[in-house]
Amino acid sequence: MQENYYIYSTGNLVQKDNTLRFTTFEGQTKDLPIENIKEIYIMNEITVTSKLLNLFSKYGIIVHFFNYYQFYIGSFYPKETKLAGQLLVKQVLAYTDYSNRLSIAKEFIKAASFNIYRNLRYYNGRGKNVSEYMYVIEDLRQKLDDVSTIEELMGIEGNIRQEYYKAWNIIIDQKCRF
């Protein structure tokens, strides 16, 4: 099972056969089996070589670097990771095209609100009277196609979720209302 490792001490990280050896500047050593590493979080100053980065790339290990004050500096992502460059480019292009971004966001909210409505319909059919919330949610869902800004869309999504959470007081037989 692959794990995440956090390195908080200063020192050197080197390849030792099929393991990584971390040696602190005080001389303490710790061996980490390379096959068990998913990601490494380096939270202090350590020495890393290009040979070691090549090893990380070979095993698909992502390394995140932080400075002495534990502020994020950057990450090393191996070439062979699951996130393809083409996909990243398409995601960036979709984000920069506002109308496309709004269209994608609408589809997410439509799907989520459909599932919310369907869940309430399930409980309504089993003796929990949540029809008033279903009516409000359906009314809000009808407005999704007419929004022209992401902020508007977020507002409608928030209202849908607020009604959904109110309905849970009835579903779980709570006396309080919010």
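Me: Is Phe 71 buried or exposed?

Reply: This is a predicted model, and the call rests on relative accessibility. A residue counts as exposed when that value is over 50%. The value for Phe 71 is 55%, so Phe 71 is exposed.

Me: Where is Phe 71 placed?

Reply: Strand β7 covers 62–66, and strand β8 covers 72–76. Phe 71 falls in the loop between β7 and β8.

Me: Which residues make the nonpolar surface patch of about 430 Å²?

Reply: A residue can join a patch if its relative accessible area is over 30% and it has no salt bridge. Nonpolar side chains are joined within 5 Å. The patch of about 430 Å² is made by Tyr 68, Tyr 69 and Phe 71.

Me: How many helices and strands does the protein chain have?

Reply: Along the sequence, the pattern reads β-β-β-β-β-β-α-β-β-α-α-α-α. The totals for the protein chain are five helices and eight strands.

Me: Why is the protein chain described as more spread out than a compact globule?

Reply: For 178 residues, the globule rule gives 16 Å. The protein chain is well over that value, so it is more spread out than a compact globule, with a radius of gyration of 25 Å.

Me: What box do the C-alpha atoms fill?

Reply: The box is taken along the principal axes of the protein chain. Its size is roughly 70 × 40 × 30 Å.

Me: What share of the 178 residues is buried?

Reply: A residue counts as buried under 20% relative accessible area. In the protein chain, the buried share is 30%.

Conventions
Residues numbered from 1 in each chain as written. Predicted model: local features only at pLDDT ≥ 70, side-chain atom pairs only at ≥ 80, totals over all residues. Heavy atoms only, no water. Patch = residues over 30% accessible without salt bridge, like charges linked within 9 Å, V, L, I, M, F, W, Y side chains within 5 Å. Areas by Shrake-Rupley, 256 points an atom, 1.4 Å probe, with all protein chains shown as cover. Salt bridge = Lys/Arg side-chain N within 4 Å of Asp/Glu carboxyl O. Helix = DSSP H or I, 4+ residues; strand = E, 2+ residues; numbered from the N terminus. Buried < 20%, exposed > 50% of the residue type's maximum accessible area, 1.4 Å probe, protein only. Rg over C-alpha atoms; globule rule 2.2 N^0.38 Å.
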